[in-house]
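This briefing is meant for a reader who is meeting the structure for the first time. Please keep the sequence and the 3D view at hand while going through the topics below.

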Amino acid sequence: MASLKRFPAYLRDVQEEVEGYAKDFGLDFFPILYEVLDYKTMNEVAAYGGFPTRYPHWRFGMDYEQLAKSYEWGLSKIYEMVINTSPAYAYLLEGNSLVDQKIVMAHVCAHVDFFKNNYYFSKTNRKMIDGMANHASRVRRHMARWGQDVVEDFIDTCLSLENLIDPMSAYIVRSREPKPDADDEAEEQSGRMRSKGYMESFINPPSYLEAQKKKREEEAKKAKRRFPEQPQRDVLAFLIQHAPLDAWQRDVLEIVRDEAYYFAPQAMTKIMNEGWATYWHSKILTEKALKSSEVIDYADACSGVLATAPGRLNPYKLGVELLRNIEDRWNKGQYGKEWDECESMEQKRNWDLRTGLGRKKVFEVRKLYNDITFLDEFFTLEFCIDQKFYAFGFQERTGNWEIMSREFKKVKDQLLKMLTNRGQPVIVVEDGNFENRSELLLRHIHEGTDLDANQARDTLRNGAKLWTRPVSLLTKVEGKGKLLRCEDGNISERSADY
Amino acid sequence: MSQKIDLDHGRFRQIIRGKIKQNLRKYISQGEMFGKKGKDTVAIPIPSVDIPHFKHGDKQQGGVGQGDGEVGDALGQGEDGDGPGKGHEAGDRPGDHLLDIEISLQELAEIMGEELELPRIQPKGTEKIVAYKDKYTGIRNTGPESLRHFRRTYRQALRRQISMGTYDPKNPVIIPIRDDKRYRSWRSDPLPQSNAVIIYMMDVSGSMGDEQKEIVRTESFWIDTWLKSQYHGIESRYIIHDAMAKEVDRDQFFKTRESGGTMISSAYKLCAKMISDEYPSDLWNIYPFHFSDGDNWSVDDTHTCVELLKKEVLPYVNLFAYGQVESPYGSGQFIKDLTEHFDEDERVVTSEIKGKEAIMDSIKEFLGKGR
């Protein structure tokens, strides 16, 4: 891995130069180790998600084949890759022009700064290279003992559920332990209606209190019988704890869950992270590092990165434009109560209080926000119009994807919807003893979009394999509640109350 | 350079292979892979091997884009490969995701062989040596100047000069003399080669419709693929006939449509002539395949056919295959006549192809004898 001998001196000079500028601008990053790779190795490393050692699995081979083919056909080329570790490892593509390498290095500096400082990366394992290698050797050991096919099949099953995690759980408290003394007090209080002393026996007669007490007890009993007590979003954790798995199976499932959590923050901050990196490579190159002879090549590369195509959201473009918009607004004081309440577009257009806080603000944003909060707070009507955003959808009538609306509210709703839970449906464990038959009930928290029915069935089968007993999924299809149940690999469907 | 990914990649290819094998019957009957054929490879759309997840259905979800356009403007077809991307994921096609996998014809033939349990063919004429291949294997002292080995010659000269004490390191001049000269030498390796020719014959009279031809086309692709994997060199010839027979190229073979009557003997005559003129049977493995709907002009002509086969075709060929494609117009009599006359002869294979689904079984009937 650390074969840095392949990093030539002239690139080291560029690295030093670029990192110097980056530090002057206030970027704060882990040390970066570059490696220059030929395209084959680049595709290989990319297929492994940037890591030198992953556990053996065919899907890496599939990803590799797709990357390799798309490179050979000239459809795509990986310019750059960097992983969230300390020190950070980054890869450059052999044979890229010097300008390209400069851009990449500036870009990488900003990514690493983001990894280091953004709150949502704060809980990630910075030694993940070792982590992944460790996972690999564990999986290899299981394969040696139980057979490659068996273990690989099981990994397939686990991966099918890998998105059923709770990425925010590291940052918030989902449930608190009940306070030990709260119980007695509550018992005293609840059920008893407030009354003046002399009215007490009329308002709260003993029979009534007795009835209330009974009712409460029954409720408590019911709650206790519920398992899990609260619907649980981390389905994988639930399975690890409660599914009847062999030790090696549990270990594999833990590995899959671990890696899913490791990658989750990247999905949660894709727009910001790419926007931030683009913002800085543009700033560093155009203001400092670019020679006049390199301007055209730079512009060419940049226009490729920022190109938009119909029906595609370019995270680089959206991210960088929004960051620039924020910088501009905070430079001109376009925020706060007065700004929000101003109705005149004319006045708003010429609003400039010369506050000059733009740079400070973008650094703050990169520290505290993720894609959802970033867009929720800063994606404004003016920005939406200015950047020509639209919402699109599938038009059954014509069989086409069409522009549906340019209305600000619709666009923003759509945008936020797409980003919620990294664009994944929210599935929770509702009942681990469904119908008192130790079956598992999952519930799809329906937020306006149905599940892909075919995939849902296949995934449910995999869930049942792990649980070893029938697994059901409560969801909504075209507005009606539906219960999918998988028993012995067979799926049955019936309507149900949602 | 070997890469770490090779193992995982190999594993992936293995899975793909399994998938293709599983779905072979479907591919064969649907002829799905045509049009995507490269020189030595075909691209096969295989059902997704991707791992299923709970995810949103595409069509309800929609997305956000950036750029010009009026409300109602189309962004692209819903059904084709890349729908608009949603979010920052690449666009997935709705419904069943198909993956185009490139696979070599050789590998495809192997898969087919395994799945249909086709025996490997014992070619006749393996012993025949039809080619020599020259290989440079060593060095000798004599030879033509054009094969002089420059480096070895100078090395020899250097060796001689050092031993003679005439070599001066400060002035390293080396002059080879005649004895120093070294030449490449070669060996001629006999390369046993077995060749095969497939002679396709097809009835193109009016009763053979497009559907029937499609079946022949599909079947011929698989026969080609299999036989190619069994022989070093293979040729294909194409004969069409109605009341007359003529040789055409592959394209013509599948496109031509005549309206005349049917005289099968005309094709057999041409076939027999082809064999006797161009393909001496001691050097060639010969495979005539004939496809028709089973209608012949007259009983007399059928009789001629049988005679032709007996005397001029069968003695020379590895296998004579007759495939009868069911058609609403044909009487289907011919196959009965053939079975009647050649039931005992294992050089003759007949197969009734009732529809696309039957293609695979018919291939198995044709090639299952390992001849």
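Counted over all chains, the structure, which is a predicted model, holds 45 salt bridges. One of them joins D28(A) and K116(A), whose closest N and O atoms are 2.8 Å apart. Because D28(A) sits in the loop between α1 (9-24) and β1 (32-37) of chain A, while K116(A) belongs to helix α4 (residues 98-117) of chain A, this pair ties together parts that are 88 residues apart in sequence.

**The three-stranded sheet of chain A**

- Three strands of chain A make an open sheet with mixed pairing, and their order is β1-β3-β2.
- The edges of this sheet are taken by β1 and β2 (80-83) of chain A, each of which pairs on one side only, and from one strand to the next the twist averages 20°.
- Between β1(A) and strand β3 (residues 88-93) of chain A the pairing is parallel and runs over 6 bridges; within it, L33(A) stands opposite Y89(A), a residue of β3(A).
- Helix α2 (residues 39-47) of chain A packs on the sheet, where it touches β1, β2 and β3 of chain A, and its direction makes about 140° with that of β3(A).
- Helix α4(A), the helix that holds K116(A), also lies across β1, β2 and β3 of chain A, running at about 25° to β2(A).

**Two backbone details in chain A**

- The peptide bond that joins S86(A) and P87(A) is cis, with omega at about -5°, and P87(A) is found in the loop between β2 and β3 of chain A.
- K388(A), a residue other than glycine, has a positive phi, near 55°; K388(A) is found in the loop between α19 (381-386) and β4 of chain A.

**The five-stranded sheet of chain A**

- Another open sheet in chain A is formed by 5 strands in the order β6-β7-β8-β9-β10, and its pairing is mixed.
- Since β6 (426-434) and β10 (490-495) of chain A stand at the edges with a single partner strand each, one side of each is left without a neighbour in the sheet; the twist from one strand to the next averages 25°.
- Inside this sheet, strand β7 (residues 439-445) and strand β8 (residues 471-477) of chain A pair in the parallel sense over 4 bridges, and L441(A) stands opposite S472(A) in β8(A).
- Helix α10 (residues 235-242) of chain A packs on the sheet, touching β6 and β7 of chain A, with its direction at about 25° to that of β6(A).
- Helix α21 (residues 453-467) of chain A lies across β6, β7, β8, β9 (480-487) and β10 of chain A, and it runs at about 155° to β8(A).

**Where chain B meets chain A**

- How many residues does each chain bring to the contact? Chain A brings 80 residues and chain B brings 52 residues.
- Together, chain B and chain A bury about 6000 Å² between them, and 55% of that area lies on carbon and sulfur atoms.
- Of the area that chain B buries against chain A, 17% is supplied by F54(B), V64(B) and Q66(B), which is more than any other three residues supply.
- The interface of chain B and chain A has 4 salt bridges; E65(A) and R13(B) meet through their side chains in a salt bridge with an N to O distance of 3.0 Å.
- Between chain B and chain A, 27 residue pairs are in polar contact, with both residues at pLDDT 80 or more.
- On the side of chain B that touches chain A, at least two residues each come from α1 (5-22), α3 (58-61), β2 (63-66), β3 (74-77) and β4 (98-104) of chain B, and α1(B) gives the largest share, 7 residues.
- By residue type, the side of chain B that touches chain A divides into 16 nonpolar, 22 polar and 14 charged residues.

**Strand pairing between the chains**

- Strand β4 (residues 389-395) of chain A and β2(B) pair across the two chains in the antiparallel sense, over 4 bridges.
- Which residue of β2(B) is the bridge partner of Y390(A)? The partner of Y390(A) is G65(B).

Conventions
Residues are numbered from 1 along each chain as its sequence is written. Chains are lettered from A and ligands numbered from 1 in the order in which they are written. This is a predicted model: local features need pLDDT of at least 70, side-chain atom pairs count only at pLDDT 80 or more; totals for chains, interfaces and linings use all residues. Side-chain values use heavy atoms; hydrogens and water are left out. Contact means heavy atoms within 4.5 Å. Buried area is the accessible area (1.4 Å probe) that two parts lose on being put together, summed over both. A polar contact is a pair of N or O atoms within 3.5 Å; within protein, one must be able to donate a hydrogen and the other to accept it, and residues adjacent in sequence count only if both atoms are side-chain atoms. Ala, Val, Leu, Ile, Met, Phe, Trp, Tyr, Cys and Pro count as nonpolar, Asp, Glu, Lys and Arg as charged, and the others, Gly among them, as polar. Two strands pair if DSSP finds at least two bridges between them. Axes are lines fitted to C-alpha atoms, for helices over the stretch in contact, and angles run from 0 to 180 degrees between N-to-C directions.
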